[in-house]
Amino acid sequence: MTKHPGLDLVERARALAPLIAREADAIERTRRLTPDVTQALIENGLYRSLLPKSFGGTEAPLEVFMQMQEEVAKADASTAWCLGQCSVCAMTAAYLDPDAANEIFNTAPGILAWGAINHEVQAVPGGYKASARWDFASGSRQASWLGAHVRVVEADGTPRRKADGSPEIRTILFPVTSATMYDVWDVIGLRGTGTDSYSVENLFIPEKFAALRDEAEARRENGPLYKLSTNMVFSMGFAATSVGVARATLDAAIDLARGKTPQAQKAMRENNAVQGVVGRMEAQWRATRAYLYSTAAEVWRDLVRDGTLTEAHRIALRIAATWSIHQSAAVVDAAYHMAGATAVFNANRFERRFRDMHAIAQQIQGRDSHYEDVGKVILSGHLEGTPTAR
């Protein structure tokens with residue numbers, strides 16, 4: 001039994017860290033979370049951190065979710081990545097028919113995963129018909145349900161459009177047993193996430209299992225969490241995951257420096273160059289974390305106060321998340337380099353964190369193009385007088 005009653009999500013994550021760290025080698029080797037880790041996350045309610053309270057979830061504030069991710073990531077990046085992915089997927093309950101949401105999230109194990117947006121579904125009487133294959137379904141090896149983000153076409157083949165003329169995107173949901181899974185996740189980092197591909201053929205999706213996710217008019221929950229889009233919460237959760245990986249790598253480098261004496265050199269802890277690197281890395285990590293969390297706190301405070309999400313909020317979250325991922329990667333690189341030849345041995349876990357961190361940085365949330373998007377909005381002058389322009 002690994003349940004920790006009476007503790008909040010962050011404390012539970014911290015309490016589970018030793019178990020997750022012990023299982024990290026098996027997670028890496030088998031390319032999936034182990035049954036013990038998955039069960040511990042379920043028993044302690046971590047997968048339900050962002051599920052609405054109306055369905056028995058925690059509906060945690062953004063910062064609490066981020067801190068949970070950070071603590072888990074210190075123990076194992078793949079576990080944190082799967083947890084973050086599936087936790088955010090649970091936000092879809094805020095847009096679903098209540099009966100559908102209960103069936104998905106309150107039937108054990110109640111875990112939903114999905115991949116990248118792609119393909120179309122055809123509208124048919126009572127729902128939709130799907131035949132397609134999707135990729136990048138992190139956490140799918142623990143999931144009981146899968147989702148897919150698809151464009152809708154009418155029975156006559158014409159695209160369905162929203163009032164503003166843009167394509168209607170639905171998130172269709174179906175049991176994992178309805179899909180064919182493909183073991184494709186042979187990668188250099190985040191190996192334990194099992195981010196596989198999946199497909200369906202002529203699958204009927206009832207209307208109640210097709211959500212207009214992130215569409216304000218379809219939202220059934222009024223809490224501040226659901227004013228944020230799932231993509232915004234993904235970005236902040238994965239940025240917090242990066243901060244956790246960076247902290248663990250930096251701590252490992254500090255422990256190494258305290259005890260290592262390179263051949264024909266003085267002890268690392270007495271080396272001025274090493275001392276300088278450690279000091280700069282510590283400052284860089286603290287500054288990154290402070291910026292990330294202060295941005296989350298400011299946006300959350302505004303949402304609690306007046307419930308309005310602005311373009312300034314979107315920009316603030318986007319740039320903070322992207323920058324924090326990149327700065328975390330820089331800390332990991334510096335720690336890896338400082339560790340010297342020690343870092344290349346599997347037993348020391350420098351190399352795993354190095355690979356995991358750079359796999360995170362390659363994901364959509366770490367794209368350099370996000371800076372261009374932010375810069376374009378700032379230069380437009382439309383953010384004058386907002387919190388991000390102060």
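Contact here means heavy atoms within 4.5 Å. Leaving aside neighbours within four places in sequence, Glu23 is in contact with Thr34, Asp36 and Val37. This is a predicted model, where local features need pLDDT of at least 70 and side-chain atom pairs count only at pLDDT 80 or more, while totals for chains, interfaces and linings use all residues. Residues are numbered from 1 along each chain as its sequence is written, and side-chain values use heavy atoms, with hydrogens and water left out.

**Glu23**

- You'll find Glu23 in helix H1 (residues 9–30); helices (H or I, at least four residues) and strands (E, at least two) are DSSP runs, numbered from the N terminus.
- Glu23 is buried yet has no salt bridge, and Arg22, the nearest side chain of opposite charge, is 5.7 Å away.
- Buried means under 20% relative accessible area, exposed over 50%, and partly exposed in between (1.4 Å probe, protein chains only).
- A salt bridge takes a side-chain nitrogen of Lys or Arg within 4 Å of a carboxyl oxygen of Asp or Glu; for charge, Lys and Arg count as positive and Asp and Glu as negative, with His and the chain ends not counted.

**Aromatic pairs**

- The structure holds 10 aromatic pairs; rings of Phe, Tyr and Trp (its six-membered ring) pair if their centres lie within 6.5 Å, and planes under 30 degrees apart count as stacked, over 60 as edge-to-face and the rest as tilted.
- One of them is Phe136 with Trp185, edge-to-face at 6.5 Å centre to centre and 85 degrees between the planes.
- Phe136 lies in strand S3 (residues 127–137) and Trp185 in the loop between S6 (180–182) and S7 (196–206), so this pair ties together parts 49 residues apart in sequence.
- Phe136 is partly exposed at 47% relative accessible area, whereas Trp185 is buried at 8%.
- Phe234 and Phe238 make a stacked pair, 5.8 Å centre to centre with 15 degrees between the planes.
- Both of these Phe residues are buried, and they lie in helix H6 (residues 230–259), 4 residues apart, or about one turn of the helix.
- Trp81, Trp114, Phe234 and Phe238 form one aromatic cluster.

**Charges over rings**

- Arg247 has its charged end over the ring of Trp285, 4.5 Å from the centre (the cut-off: NZ of Lys or CZ of Arg within 6 Å of the ring centre and within 35 degrees of the ring normal).
- Likewise, the charged end of Arg289 sits over the ring of Tyr293, 4.2 Å from its centre.

**Strand pairing**

- S3 and S7 pair in the antiparallel sense over 8 bridges (pairing needs at least two DSSP bridges), and Lys129 stands opposite Phe204 in S7.
- S6 and S7 also run antiparallel, joined by 3 bridges, with Thr180 opposite Ser199 in S7.
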